[in-house]
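Please walk me through this structure, from its open spaces to its helices and aromatic rings. Plain paragraphs will do.

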Amino acid sequence: MSPGRSPLGRHAVWLLTFATGLVLILHVAGWLAAAVIFWRKATIHAPRLQSAIVIALSMIILDSCNSDRHTRRRVAIAVLVFIAIAFVVVPLPKAFEDHGLSGGPSTAASRQQFEARFSLAQGVVHFHSHLGDVLMGWLDKAFGRSAESPGRAYDTMSRLAGLLFLVELVVAGAWHRWSREVCRYIALVLATPVCLLYFGYWELGYLSVTAGVVPLLALARNRGGVHEQAATLMAGFEQGLHTAGHGFGLTGLAGGALAALCTRGTALRRLIASLTFTSSGVALYLGWIFIYMTVAGLQVVWSRQLGYRPLFEPLVFDRRIANPLFSLEGLGEFGLFSALSGVPLFALAMATTSGARLLPAILYSVPGLLFLIRWWPVSAPYNLDLLLAVFPGQFAALWVLSSSRIKSRAGLVIIVGLHVLLWTTLGSAMFDRVWIEAGQ
Amino acid sequence: MLLGALVSGGPVLVLATWFAAGQWRYAGPEPRAWLMFIGVVALASIIPVPGRVSTWRARRSRLLWWGWAAVAGLVVMT
């Protein structure tokens, strides 16, 4: 696609940008409501060592982008190796300011609780995170199915997911021949709060996160022929694999299918690109189920209920009060989750970019933007794996911002702010759930 | 001239006084975590990296920036 020209009509692009702008206004209103509540109740907490490490390493890659291609590649790979070591050496604490950071420790507290959640030994797999469940079951077995093995399985799973995350960035970097743009993208992605989850976070939602899809789809847009098809297929496979790990990847799958429509050429060619992405994604998302049933004799069950935020009246969901969207508390909570998931980066991309470059980012982000409005996370704010992974559009925004040095610097400043926001939220127990006891 | 000297020497002066007054021992975990965060990031900003301007003047300017950020954070947290 040539710069400045869009595959959709000019009016359609304008309408889409306008509609996304309207949705974004609701998000901005949420941020303002969250700011009011923070001003009244929160105590600022400094980002911890893990945040400092990812931001510091990100700055090193960003500065090295001024050097030649060979040096950029060396610096980026060295930093990725360093961060992989940091994932193991500097684990996240299990609690912060007397609050557990995740539900994992209570799941791993006893074999009974662990096996109720991960029932592979009984021949059962939960659909919402089927591949993640199977891997956890294998790791637990590999560590001897003892009282300590669930914790070791959680630790190992987080580091393995982190390694896959980094390998996908290397693939994207190599495919883009370590251009300045892709190196800036890698730098920004490494700085995002989502990277903290690979420092030994005890949940599985991070399995849905993939930062490799957006650069591959961008490559497919800008090159023709077999490169385009290979990059689209690879992007679909990555997205499907991560969605099999955890179902929250579905927003990325939907976004990727829409963004693939921005390929160069005729309407038929764009449709085929989208179908290529979708079919390869769905193959690696659901293909595993055939193997579970026929080869391993496993049973797949659906055991999850998604919480939806009410619009006007409070609702009791899973013994907890869900504040409505159109109330200060509800709007503020929505705004906080929107900010933590990276929507401010998307807002920055929209404010600083226009035309054809922005269109794929908008299409990739729309499913996540809409889902955030109605999603009510039951265990918030201590289910960071979902809060930080729910908006894959942050990666599309980072790709847009990585097009220039100044925009990527501005993106990094916002990311530093998100780290402060994250630790302040956890430290101040902001928007902690109100439980309803029996008889109340 | 005096203002320039204050701006460039200010963070060192404030932080040195803060440490000399024994505040590190009495400060809660937050000011300590903030100084640790700024320390790691400031260190990463001055180490020589290919493509980065690593003159003495550039490093001093970056350190100054992070120094003021450290002071501002301490003021907010304490």
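Helix H5 of chain A contributes the most to the lining of the largest pocket, with 3 residues. The model is a predicted one. The volume of this pocket is about 1,200 Å³. Its lining consists of 44 residues, and those nearest the centre are Arg304(A), Val378(A), Ser379(A), Asn383(A) and Leu386(A). Two or more lining residues come from each of helix H4 (104–107), helix H5 (111–117), helix H11 and helix H16 (384–387) of chain A.

Arg117(A) is a residue of helix H5 in chain A. Is Arg117(A) buried or exposed? Its relative accessible area is 16%, and because buried means under 20%, Arg117(A) counts as buried. Beyond its neighbours within four places in sequence, Arg117(A) is in contact with Thr107(A), His126(A), His128(A), Ser129(A), Asp133(A), Leu204(A) and Arg304(A). One of these contacts, Arg304(A), is also among the residues that lie nearest the centre of the largest pocket.

Rolling a probe the size of a water molecule over the atoms shows where empty space is left. Over the whole structure, a search finds 4 cavities of 30 Å³ or more. The largest cavity has a volume of about 70 Å³. It is lined by 14 residues, and Ser208(A), Val209(A), Thr210(A), Ala389(A) and Pro392(A) are the closest to its centre.

Helix H10 of chain A covers residues 225–245, which is 21 residues. From first C-alpha to last it reaches 31 Å, close to the 30 Å expected at 1.5 Å a residue. An α-helix has 3.6 residues a turn, so residues three or four places apart point the same way. The buried residues of H10(A) include Glu228(A), Ala231(A), Thr232(A), Ala235(A), Gly236(A) and Gln239(A). Towards the end of the list come His242(A), Thr243(A), Ala244(A) and Gly245(A), which are buried as well. What do the buried residues of H10(A) pack against? Their partners are helices H6 (130–142), H7 (149–175), H9 (213–222), H11 (250–259), H12 (267–294) and H15 (358–374) of chain A.

Helix H7, one of those partners, holds Ser158(A). Ser158(A) counts as buried because its relative accessibility is 0%. A polar atom of the side chain of Ser158(A) lies 3.5 Å from the backbone oxygen of Tyr198(A). Leaving aside neighbours within four places in sequence, the contacts of Ser158(A) are Leu197(A), Tyr198(A), Phe199(A), Gly200(A), Tyr201(A) and Tyr206(A). Among these, Tyr198(A), Phe199(A) and Tyr206(A) belong to one aromatic cluster, together with Phe87(A) and Phe165(A).

A pair of aromatic rings is described by the distance of the centres and the angle of the planes. The count over all chains comes to 21 aromatic pairs. One of them is the tilted pair of Phe127(A) and Tyr285(A), at 6.1 Å centre to centre with 50 degrees between the planes. Phe127(A) lies in the loop between strand E3 (124–126) and H6 of chain A, and Tyr285(A) lies in helix H12, so the pair ties together parts 158 residues apart in sequence. Phe127(A) is partly exposed, with a relative accessible area of 22%, whereas Tyr285(A) is buried at 8%. Another pair, Phe312(A) and Phe326(A), is stacked, with 5.3 Å centre to centre and 20 degrees between the planes. This pair links distant parts of the chain, 14 residues apart: Phe312(A) is in the loop between strands E4 (299–301) and E5 (315–317), and Phe326(A) in the loop between strand E6 (320–322) and helix H13 (328–340) of chain A. Phe312(A) is exposed, with a relative accessible area of 59%.

Backbone angles come next. Most residues other than glycine have a negative phi, and most peptide bonds are trans. Trp178(A), which is not a glycine, has a positive phi of about 50 degrees. Trp178(A) is placed in the loop between H7 and helix H8 (180–191) of chain A and is buried, with a relative accessible area of 6%. Ala429(A) also has a positive phi, near 50 degrees, and is found in the segment after helix H18 (405–427) of chain A.

Chain B remains. Its secondary structure comes to 4 helices and 0 strands, in the pattern α-α-α-α along the sequence. Of its 78 residues, 37% are buried.

Terms used: Residues are numbered from 1 along each chain as its sequence is written. Chains are lettered from A and ligands numbered from 1 in the order in which they are written. This is a predicted model: local features need pLDDT of at least 70, side-chain atom pairs count only at pLDDT 80 or more; totals for chains, interfaces and linings use all residues. Side-chain values use heavy atoms; hydrogens and water are left out. The expected span of a helix is 1.5 Å times one less than its number of residues. Buried means under 20% relative accessible area, exposed over 50%, partly exposed in between (1.4 Å probe, protein chains only). Contact means heavy atoms within 4.5 Å. A polar contact is a pair of N or O atoms within 3.5 Å; within protein, one must be able to donate a hydrogen and the other to accept it, and residues adjacent in sequence count only if both atoms are side-chain atoms. Rings of Phe, Tyr and Trp (its six-membered ring) pair if their centres lie within 6.5 Å; planes under 30 degrees apart count as stacked, over 60 as edge-to-face and the rest as tilted. On a 1 Å grid over the protein atoms alone, a cavity is a set of points where a 1.4 Å probe fits but cannot get out, and a pocket is an open set with protein on both sides within 12 Å along at least five of seven lines; lining residues have an atom within 4 Å of a point. Grid points are joined across faces, edges and corners, and a volume is the space filled by probe spheres set on the points.
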